[in-house]
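Visitor: I would like to learn how to read a protein model. Could we go through a few features in turn?

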Amino acid sequence: MSAPAAVLAGLGGYVPPRTVTNEELSHRMDTSDAWIVQRTGIRQRHWADPGVATSDLAVEAGHRALKSVGALAPHDVGMVVVATTTPDQQCPSVAPDVASRLGLGTIAALDVAAGCSGFVYALATASAALVAGHAEWVLVIGAETFHPFLNPADRGTAVIFGDGAGAVVLRRGTADEAGAVLTVDLGSDGSLKDLVGIPGNGSRHRSAARPHHADERYLYMNGKEIFPHAVRRMAQSSSAALAQAGWSVDEVDHVVGHQANLRILHALAQHLGVDKERVVAHLDQVGNTSAASIPLALADAAAKGRFQLHDRLLLTAFGAGLTWGSAALTWPGTALA
Ligand code: UT7
């Protein structure tokens with residue numbers, strides 16, 4: 001009998017309606033459509049309306065993912081995991097609120113904070129809970145409202161990030177089923193924590209006897225230094241996840257990498273020895289949506305009919321922490337499209 005495993009059973013994505021084009025940003029700051037497209041591949045992103053927060057996006061994506069499963073009853077879901085770096089508030093976490101608003105009752109609910117790697121970390125958390133028998137069904141959501149954390153004076157970040165949410169429903173199944181999450185590889189390097197983050201508003205700053213600088217409320221990113229780490233760590237982690245799964249790189253049908261920069265995705269493909277056609281790129285439409293980027297890319301590609309039953313997918317992500325993670329899974333079929 002095959003080993004227990006988390007099996008992909010539902011999928012949904014949501015971006016807020018407001019589209020912000022490169023052209024619009026070029027009127028607000030010293031940038032251009034040509035620079036953004038050439039250096040990142042991003043053409044537009046979505047920003048939530050005033051007053052809309054991460055839980056609102058998470059509820060929309062979660063609702064769509066649950067609906068995609070069809071016969072699933074709300075009381076079947078035993079856990080909600082929300083990956084986010086931009087929660088509605090410092091405390092409480094957003095997952096209990098999301099579970100309640102989705103009508104899922106008084107179930108286990110937690111946030112996972114692992115920057116742009118958050119979705120893969122949440123997937124690992126959910127898979128472990130399913131395999132351990134803590135739940136039969138788990139809703140995993142990656143959700144971010146990044147634009148209020150962007151410094152309008154920092155064109156290196158202001159043109160990159162967008163808002164959105166993506167969600168998957170996982171059920172307890174077996175590793176031989178289509179849709180099974182076969183392996184997950186996770187890692188971190190806290191010695192490089194200062195390369196990207198939102199330093200203000202944590203206990204370090206609250207306890208410091210000095211006034212806060214206004215910029216500390218905003219996302220800081222040393223993009224140039226992070227770039228090679230992103231490529232190297234995602235490549236290493238991908239290789240580890242594939243080795244555990246017993247797959248060669250040639251057997252991977254689709255690489256769904258963190259959507260930070262098209263140049264990073266292409267460099268990753270080159271490191272892995274995968275042709276660009278197998279790389280899923282969705283960032284032109286949504287920018288870097290951090291923990292939401294992989295499930296949003298999955299939802300978009302599935303809706304376009306890109307994945308076929310039993311296709312082999314490699315997910316790989318990299319972000320603040322530094323953190324990284326990869327997962328190998330098979331595709332459960334067109335029902336998810
Ligand atoms: O998601 C979490 C992990 N994050 C990442 O993986 C991000 C990794 N890094 C990147 O994607 C890229 O480093 C960026 C897209 C953030 C920046 O691209 P880059 O090619 O590394 O640009 P750069 O920072 O080296 O800047 C090159 C030039 C500079 O001008 P000078 O000094 O050469 O005159 C910048 O001032 O481009 C300038 N620049 C811009 N120009 C127009 C930087 N941002 C902009 C902009 N518009 N938005």
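Predicted model: local features only at pLDDT ≥ 70, side-chain atom pairs only at ≥ 80, totals over all residues.

Visitor: At what angle do helix 8 and helix 9 cross, and how close do their axes come?

Guide: The axes of helix 8 (residues 223-245) and helix 9 (residues 262-272) come within 9 Å and cross at roughly 45°.

Visitor: Is the crossing of helix 8 and helix 9 left-handed or right-handed?

Guide: The crossing of these two helices is right-handed.

Visitor: Which residues meet where helix 8 and helix 9 touch?

Guide: From helix 8 come Phe 227, Ala 230, Val 231, Met 234, Ala 235, Ser 238 and Ser 239. They meet Arg 263, Ile 264, Ala 267, Leu 268, His 271 and Leu 272 in helix 9. Sorted by class, this contact has 9 nonpolar, 3 polar and 1 charged residues.

Visitor: Which residues come nearest to the ligand?

Guide: There are 21 residues around the ligand, and Thr 31, Arg 39, Asn 261, Arg 263 and Asn 288 come nearest.

Visitor: What distances separate ligand atoms from N or O atoms in the side chains of Thr 31, Asn 261 and Trp 35?

Guide: For Thr 31, the distance is 2.6 Å, to a nitrogen atom of the ligand. For Asn 261, an oxygen atom of the ligand is 2.8 Å away. For Trp 35, the distance to a ligand oxygen atom is 3.2 Å.

Visitor: Now the backbone. What should I expect there?

Guide: Most residues other than glycine have a negative phi, and most peptide bonds are trans.

Visitor: Where are the cis peptide bonds at Pro 92 and Leu 322?

Guide: One joins Cys 91 and Pro 92, with omega about 5°. Pro 92 is in the loop between strand 4 (77-83) and helix 4 (95-101). Another joins Gly 321 and Leu 322, with omega about -15°. Leu 322 is in the loop between strand 12 (312-319) and strand 13 (323-330).

Visitor: Is phi of Ser 290 positive or negative?

Guide: Phi of Ser 290 is positive, near 55°, and this residue is not a glycine. Ser 290 lies in the loop between helix 10 (283-286) and helix 11 (293-303).

Technical notes
Residues numbered from 1 in each chain as written. Heavy atoms only, no water. Axes fitted to C-alpha atoms, helices over the stretch in contact; angles between N-to-C directions. Helix = DSSP H or I, 4+ residues; strand = E, 2+ residues; numbered from the N terminus. Left-handed = near helix turned anticlockwise from the far one by under 90°. Contact = heavy atoms within 4.5 Å. Nonpolar A, V, L, I, M, F, W, Y, C, P; charged D, E, K, R; others polar. Near = heavy atom within 4 Å. Polar contact = N/O pair within 3.5 Å; in protein donor to acceptor, adjacent residues only side chain to side chain.
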